[in-house]
Structures are given as C-alpha cells and as structure tokens.
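Hello,

Here is the structure I said I would pass on. My notes on it follow below.

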Amino acid sequence: ARQLVWFRSDLRTLDNTALAAAAAKGPVIAVFLHCPSQWQAHGHGANKIDFCRRGVEALREALTGLNIPLLQRSISRFSEAPDTLLALAREHDIATLHFNREYPLNEWRRDQAVVETFGQAGLGVQAHTDAVAFAPGELLTGKNEFYRVFTPFAKAWHREVDHQRLALRDDPAPQKRLALDSDPLPKLAGEGAGHPIDAGLWPAGQDAAAGRLERFLRYRARHYREARDQPSVHGTSELSPYLALGMISYRQCLQAVMSENGGHLADGDAGLTAWVNELIWREFYQHIAFGFPEVCRHRPFQAHTADLPWRDDDEGFKAWCNGRTGYPLVDAAMRQLVTTGWMHNRLRMVTAMFLSKHLLIDWRRGEAFFLEHLVDGEFGANNGGWQWAASTGTDAAPYFRIFNPITQSRRFDAEGSFIADFVPELAELSTKARHDPSGEARKTAGYPAAIVDHKAARKRALDAFKSLQTPR
Ligand code: FAD
C-alpha cells in the first residue's frame, strides 16, 4: 500500500526515520507544504526561507534518484495542513502518512491536528522520533521532571544513549516508477521580502552538508576545543543551518565522530567530545521548548525575570542592529550576521549580552532580529541562547557576570582580524588599537563613539536585576 512522507525540517533522503519506515512498507510519495506566511509569523526571515526553498529543490533531486515524486503545495497557515494532507492522501490512495516530529508548540499542535484528522478519516498516520536521540519526556530527572540544567541532562544523555538511537536509518533503494511527476517549486506570494544573502555561502542539500561534515572532521575537529572561540578562525563546523533544516542528522554527525574516535562519544579526543557536547545542547533546548512551553509564548524560563525593567531605546536598538554601537567586536559580529546570515557562537553570546545587559533592551527584540537574519534560525537554540545571555533562562549566565566587550575582543580576536574583516573602516589601525580606537582614530575612520560606557551600563544592569523579587 502507498505511503506518504511529509517532509518538513528533515530535508534529506539519507538516514531519515520517516522515509526509511515508509519505504519499508510500500511505494512512497513525498510531500512538502510551503507555508511562508506562517514562517514569517514565527519570525523567520528571507535568508532561512530561501535556504529552505533551495533545500526542497535539492531534496526533489535526491528523491528523483529514488523514483519518489515530491508533491508541493502552498498553504497560508499551519491550520490548513490537516485538510491539505488528507486531500492528497485520498487523491493518491495512501494507506499511511509518515512524518518526523517537531517539538516547538505550534509545530506540535499542527502535527496533533494532522494525527486527529487522519484518525477520524480512518487513515494511518505514524509520527517518528528523528531530530533528537530522546523524544522530549523520555529523558527525565529522578523526580520524573524535565531537566532544567544542561550538565545533568548531558550526563543522562550519555548514560542512556544506545546503539538503536545512534544507528543510521536505512537509505531507501530506488523504487519502481510511479505514474506521477514531482511538482516544481511553487511561486510564493509575499516571498522575497528583504534581500537574502549570497546563496553561494550556504549551498543547500544533503550532499553539501555531508561535504561540510567531512571537511570539519578532517581539518578542524581535533582543534575544535582551542579554535571554537575564535571568530576569525573557521574553527567550528558551520553545520547549524543544515542541522536546523535536517539536511544532515545528528546521527550522521555522531557516527562520523565515533568512527574518528575509536567508537566513543564521551571519551577520547578532546575536540571531538567537545563538539558532541554542542550537539547535546541542541537537543537540550528542544526538550526545554517542549517541557516548558511558556518559552514558546515569549515568556522567560525563570518567571520572576518577567518583571525586569527593560528600557525603551529605539536608537540603541538601531545602533546594535546596524553594527554602530562603537564597540568594534559587537559591531563586527552584527555585520557578520546581516551580511552572511550566520554569526559565530562566541559573538552570539557577546552581542546578546550587550543588548540585554549593556543596553538593557528586552532580549525578545534581539531574539527576533536574530531569527529574521539567521540562515540557521531555530527556535530552541535561539531562544535558549538569548535567555542564557539575558540571565532569564535555564543555565543562564549569572546576571552579575557581564562580558566586557573590549576584554572579549582582546581575548578572542587577539589580532583584531575579525574586526578588520567586518568593520573595514578600522582595518587601517594597528591590531591593538582596533579593539578600542581612540577618539581621534574613530573620527578619522567615521566610526562612532561607544554608545554606552561599560562600567555605567554594567551598574545599571545589576541594579535592574537586584530590583527583582527573588524567586520563591
Ligand atoms: P558547532 O560549534 O560546529 O556545533 C555543532 C552544532 O551543535 C551546531 O551546528 C548546532 O546545531 C549545535 N550547537 C552548537 N552550539 C549550540 C548551542 N549553544 N545551543 C544549541 N545548539 C548548539 N544555533 C542554531 O542552530 N540556531 C539558532 O537560531 C541559534 N541562535 C543562537 C542565539 C544565541 C544568542 C546564542 C548564544 C546561540 C545561538 N545558537 C543557535 C547556538 C550556536 O551559536 C550555533 O549553533 C553555532 O554558532 C552554529 O555554528 P556551528 O554549526 O559552526 O557550530
């Protein structure tokens, strides 16, 4: 009997749980629902939407090699998904619909509605766990609660993870041709708002992702621990957009690590094990989004921080967005985000802390700006990262540990070469001067004075946090 596989943020044919399960049961038809207005409502901008569309094209090609047709439909809201899928299932005589679970609140609700609609119609539907080793709820504390802190979560993850959770799913063999063609990518109304970054920076699809993983393991992974904090070095995998849209799976990443590391994930090469830890962070934040759905409703994880007296400061916010705060590392980072659709992790921490602490601007404004520009925008990691920086989240940075952006700059961009790349007006200065140019040098370069004084801003943030009622 025919199977329908609904692709979403799992744009690959390799190691895909839903596809493997469907292919084992019968001939497969694939479907992708384009839903740009809902994505925009969720805050995703043109960069991610464009990357996703290119990913769907690449998926269609990969599916063509397996004789699996890819149907494409446009819907304007998630609420149209159940009826759209049901109509397709009836039209094509489908026995069972398969998909891989997604965990943020709206996606989860959409999927529940699809499951109900198919159930009522008497059609089969199977939701699979694919994006994470443990479905949220499977890994709980001794008190049967969701973990609120990363380290014990990671320990439990390592303790419980087994062969089955890490094993690659079967790649489907080419099936017999069906009398059905793939649909072309639909033209979408409302598309093209803003200017996507150079698509060549992020070639889409599972082959591009596999190439990146291979290069990372060959050239960078063993230096990851030392190099991962230096934005001028390509020391990290730059796989986040591919993981966010499922052009590569966590299992493929971990299998590759194990084959380089004598079969181990927790012991062995320090670079490889540090990298595994980051993949577990990603999973942790998906559990948080599911276990504490208030974070999906724009609420802080630590409820008492909802009362923080955020400042209304449109000028400051604009300066931050435009990379004109007068703090060179912050500005270089923000320009990296806007021009490439990606920002180095160290700098995401620095810039997020600068907005939420130095400017005392509501972290949710920064969260939204990131999502609008990131190619790798992912609710769990982005929200988790912002709440970490703003000290409102799970393992959040203690509110009194406020990064000094100039010290961070001297430490992590010692040569000032990242600054020179993204703030070219400072490239002529000596490496030492780039971190904090003199008033004279700023004037000559047309570079602004610092919009806040570090010490004063720090004190203002500390006072704001101290004004909170401590949690009961
Ligand atoms: P690597 O260092 O190679 O790590 C491998 C993978 O692990 C990444 O691709 C990513 O999937 C995952 N990962 C790494 N660090 C983290 C982390 N701290 N939390 C969760 N997962 C992680 N990551 C996103 O994928 N999407 C986002 O929208 C996002 N927003 C962020 C916002 C803020 C304020 C902060 C502080 C972090 C954010 N991160 C986000 C996490 C992290 O910065 C990126 O995943 C990382 O920079 C991606 O680069 P990479 O692929 O080279 O990472």
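The ends of residues 1–133 lie 29 Å apart, taken between their C-alpha atoms. Please keep in mind that the model is predicted. The span was picked because UniProt, in an unreviewed entry, gives residues 1–133 the feature "domain: Photolyase/cryptochrome alpha/beta".

A separate division of the chain gives three domains. Domain 1 covers 2–130, domain 2 is made of 132–168 + 204–292, and domain 3 runs over 303–465. Between the C-alpha centres of domain 1 and domain 2 the distance is 25 Å. These two domains touch: 17 residues of domain 1 and 19 residues of domain 2 take part in the contact. On the domain 1 side, the residues that touch domain 2 are eight nonpolar, four polar and five charged.

One residue I looked at in more detail is G55, which is part of helix 3 (residues 46–64). Is G55 buried or exposed? It counts as buried, because G55 has 26 C-beta neighbours inside 10 Å, and 20 or more is the cut-off for that label.

What does G55 contact, once its neighbours within four places in sequence are left aside? The contacts of G55 are then L11, A204, G205, L245 and M247.

Regards

Terms used: Residues are numbered from 1 along each chain as its sequence is written. This is a predicted model: local features need pLDDT of at least 70, side-chain atom pairs count only at pLDDT 80 or more; totals for chains, interfaces and linings use all residues. Domain bounds come from an automatic or database domain assignment. Two residues are in contact if their C-beta atoms, placed from the backbone, lie within 7 Å. Ala, Val, Leu, Ile, Met, Phe, Trp, Tyr, Cys and Pro count as nonpolar, Asp, Glu, Lys and Arg as charged, and the others, Gly among them, as polar. Helices (H or I, at least four residues) and strands (E, at least two) are DSSP runs, numbered from the N terminus. A residue is buried if 20 or more other C-beta atoms lie within 10 Å of its own, exposed if 12 or fewer, and partly exposed in between; C-beta atoms are placed from the backbone.
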